[in-house]
Amino acid sequence: DASVSLRPSIESTFQAALDHAVVAQTHSVATLVPAISPEGRIAAQEKLAGLPFVIVPYAKPGLPLTQEILARVTPSTRIVILQNHGLICCGASVEEVADHLAEVERRLSMGARHVSDHAPSAPPAAGFDWANETWLANDTRASTLAISGSYYPDHVVFLGPALPKADHIGTPPAILCSGEGVLLRSQATSSQKAMLKCLSDVLSRLPEEWSAEAIGDAAEAELLNWDAEKYRQAL
């Protein structure tokens, strides 16, 4: 239809290709915590034992991810853990899918360790406010992970690669000031604020004995230079 200029979601391919009446995808914190960690994925295999699930390696969203999913699912698969990405549940009805989602959340859920939310005493830089996620800058491990890479696509799409330690020409929405706090640009969108909270939620639940595996520079570049993402942001 030439009168319609909108495009379908980049993830419509797997929604259509999975042979189920209902297909739901989330980027839940409970799933992301083990999904970004080699040790976590081993733990997830154990925690989800008995459920019809598969774990799919990271791939660029869209057709590459769909191909990875289709290469691994079987007719009995109802749950798909997407490495460094999220969760798909599918089935014959909304009720069935909701049950799968709830069971995965229940089994994978991990409590957050106590973190300090004490705001910095110094005033924020011009054009910024101190974010609620200040603890990220004052916890050695969390700070190192936050500036070392991006762990799932939405972080890259909304916040850029990792968390920068200084402002730059790309006008990053959030900046980690080591030992002080996290600066959040005053005009940050609700999505950017949500993704910063997501990073805090994930890292506060990541066990000390688990490592975190970033998606890497090449995967970040694919997302940042992607025509489909530039189109979505332009909307």
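Modeller: A residue is called buried under 20% relative accessible area, exposed over 50%, and partly exposed in between, computed with a 1.4 Å probe and protein chains only. Helices (H or I, at least four residues) and strands (E, at least two) are DSSP runs, numbered from the N terminus. Please keep in mind that this is a predicted model, in which local features need pLDDT of at least 70 and side-chain atom pairs count only at pLDDT 80 or more, while totals for chains, interfaces and linings use all residues. Residues are numbered from 1 along each chain as its sequence is written, and side-chain values use heavy atoms, leaving out hydrogens and water.

Biologist: OK, helix α7 then: which of its residues are buried?

Modeller: In helix α7, which spans residues 140–148, the buried ones are Ala142, Ser143, Leu145 and Ala146. Viewed down the axis of α7, these buried residues lie within an arc of 165°, so they line one face of the helix; the arc is taken over the directions from the helix axis to the C-beta atoms. Thr140 and Ser148, on the other side of α7, are exposed.

Biologist: And what covers the buried residues of α7?

Modeller: The cover includes α6 (135–138), β6 and α9 (190–203), where contact means heavy atoms within 4.5 Å. At the start of α7, a side-chain oxygen of aspartate 139 comes to within 3.2 Å of the backbone nitrogen of arginine 141.

Biologist: You mentioned β6, so which strands form a sheet with it, and in what order?

Modeller: The order is β5-β7-β6, an open sheet of 3 strands with antiparallel pairing; two strands pair if DSSP finds at least two bridges between them. The edge strands, β5 (128–130) and β6 (174–177), each pair on one side only. Strands β5 and β7 (residues 181–185) are joined by 3 bridges, and tryptophan 130 has leucine 183 as its bridge partner in β7.

Biologist: What does cysteine 177 touch?

Modeller: Cysteine 177 sits in strand β6 and is buried, at a relative accessible area of 14%. Not counting residues up to four places away in sequence, cysteine 177 touches Trp130, Ala137 and Leu183. Its C-alpha lies 5.8 Å from that of lysine 165, 12 residues apart in sequence.

Biologist: Switching topic: why would you call β4 largely enclosed?

Modeller: Because 6 of the 6 residues of β4 are buried, that strand is largely enclosed by the rest of the structure. Gly86, Ile88 and Cys90 are buried on one side, and Leu87, Cys89 and Gly91 on the other. In a regular strand the side chains alternate between the two faces of the sheet.

Biologist: Which strands pair with β4?

Modeller: Strand β1 (residues 22–26) pairs with β4 in the antiparallel sense over 5 bridges, with valine 23 opposite cysteine 90. Strand β3 also pairs antiparallel with β4, over 4 bridges, and here isoleucine 79 has cysteine 89 as its bridge partner, while isoleucine 81 stands opposite leucine 87.

Biologist: How many residues lie between β3 and β4 in the hairpin?

Modeller: There are 3 residues between them, and asparagine 84 in that turn has a positive phi of about 55°. Histidine 85 is found in the loop between β3 (79–82) and β4 (86–91), and with a relative accessible area of 4% histidine 85 is buried. Its side chain makes a polar contact (a pair of N or O atoms within 3.5 Å, one able to donate a hydrogen and the other to accept it, with residues adjacent in sequence counting only if both atoms are side-chain atoms) with the side chain of glutamine 25, at 3.2 Å.

Biologist: Where else is there a positive phi, although the residue is not a glycine?

Modeller: Alanine 162 has one of about 50°, and threonine 171 one of about 45°. Most residues other than glycine have a negative phi. Alanine 162 is in the loop between α8 (153–159) and β6, and threonine 171 is also found in the loop between α8 and β6. At 8% relative accessibility alanine 162 counts as buried, whereas threonine 171, at 47%, counts as partly exposed.
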